[in-house]
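Colleague: I would like a close look at a single part of this model. Please take me through it step by step.

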Amino acid sequence: MAGEGFGGVFVLHGQYKSENKMVQDNLKIIVVDKSIDLSNRLKSLFEASNVEIFRELSLDRVLERFERESFDVLIASTSA
């Protein structure tokens, strides 16, 4: 898993490879942000793909959610 930061947002992401090809199955992204703007932008960006966007208001709630389900990408803004 790798991470990168930009514009007050830190993104953790994983890559899944099968025989040197990226797997394009359903991708689950969880966004940690007090504002709904970032998750709405991601939803519009990925609306034509197999990407599901989820949003939580705090990292504590994300940790609780990770106990029940898994995500491929975590995006946390500095406002969370």
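Which residues make up the largest nonpolar core?

Modeller: First, the ground rules. This is a predicted model, with residues numbered from 1 along each chain as its sequence is written; local features need pLDDT of at least 70, side-chain atom pairs count only at pLDDT 80 or more, and totals for chains, interfaces and linings use all residues. Side-chain values use heavy atoms, leaving out hydrogens and water.

Now the core. The largest nonpolar core has eight residues in all: I29, V31, L38, L42, V51, I53, V73 and I75. A nonpolar core here is a set of buried Ala, Val, Leu, Ile, Met, Phe, Trp, Tyr and Cys residues joined through side-chain atoms within 4.5 Å. Buried means under 20% relative accessible area, exposed means over 50%, and partly exposed lies in between (1.4 Å probe, protein chains only). At least two residues of this core come from each of β5 (27-32), α1 (37-45), β6 (51-56) and β7 (73-77). These elements are DSSP runs, numbered from the N terminus: helices are H or I with at least four residues, strands are E with at least two. There is also a second, separate core of seven residues, which includes I30, F54, L74 and A76.

Leaving aside neighbours within four places in sequence, I29 is in contact (heavy atoms within 4.5 Å) with F46, V51, E52, I53, F54, F71, V73 and I75.

F71 counts as buried, at 11% relative accessibility. Beyond four places in sequence, F71 is in contact with K28, I29, I30, F54, R65 and F66. F71 and F54 are 17 residues apart in sequence, and their C-alpha atoms are 9.3 Å apart in space.

Next, the strands. β5 and β6 run parallel, joined by six bridges. Strands count as paired if DSSP finds at least two bridges between them. V32 stands opposite E56 in β6. With α1, the strands β5 and β6 make a right-handed β-α-β unit. Right-handed means that, with the strands pointing away from the viewer, the path from the first strand over the helix to the second runs clockwise.

Now the charges. Side chains of opposite charge can pair when their charged atoms come close. The whole structure holds four salt bridges, each a side-chain nitrogen of Lys or Arg within 4 Å of a carboxyl oxygen of Asp or Glu. One joins K28 and E69 (3.3 Å, N to O). That pair links distant parts of the chain: K28 is in strand β5, E69 is in the loop between α2 (59-66) and β7, and they are 41 residues apart. E69 is partly exposed, at 26% relative accessible area.

E56 takes part in two others. It meets R61 at 3.0 Å, N to O. It also pairs with R65, the closest N and O atoms being 3.0 Å apart. E56 is buried, with a relative accessible area of 9%. R65 is buried as well, at 12%, whereas R61 counts as partly exposed at 43%. Through shared partners, salt bridges join K28, E56, R61, R65 and E69 into one network.

Last, confidence. pLDDT is the predictor's confidence in each residue, from 0 to 100. The protein chain averages 77, and 66% of the residues score at least 70. Residues 1-7 stay under 50. So do residues 10-21, for which the model has 35 contacts beyond four places in sequence.
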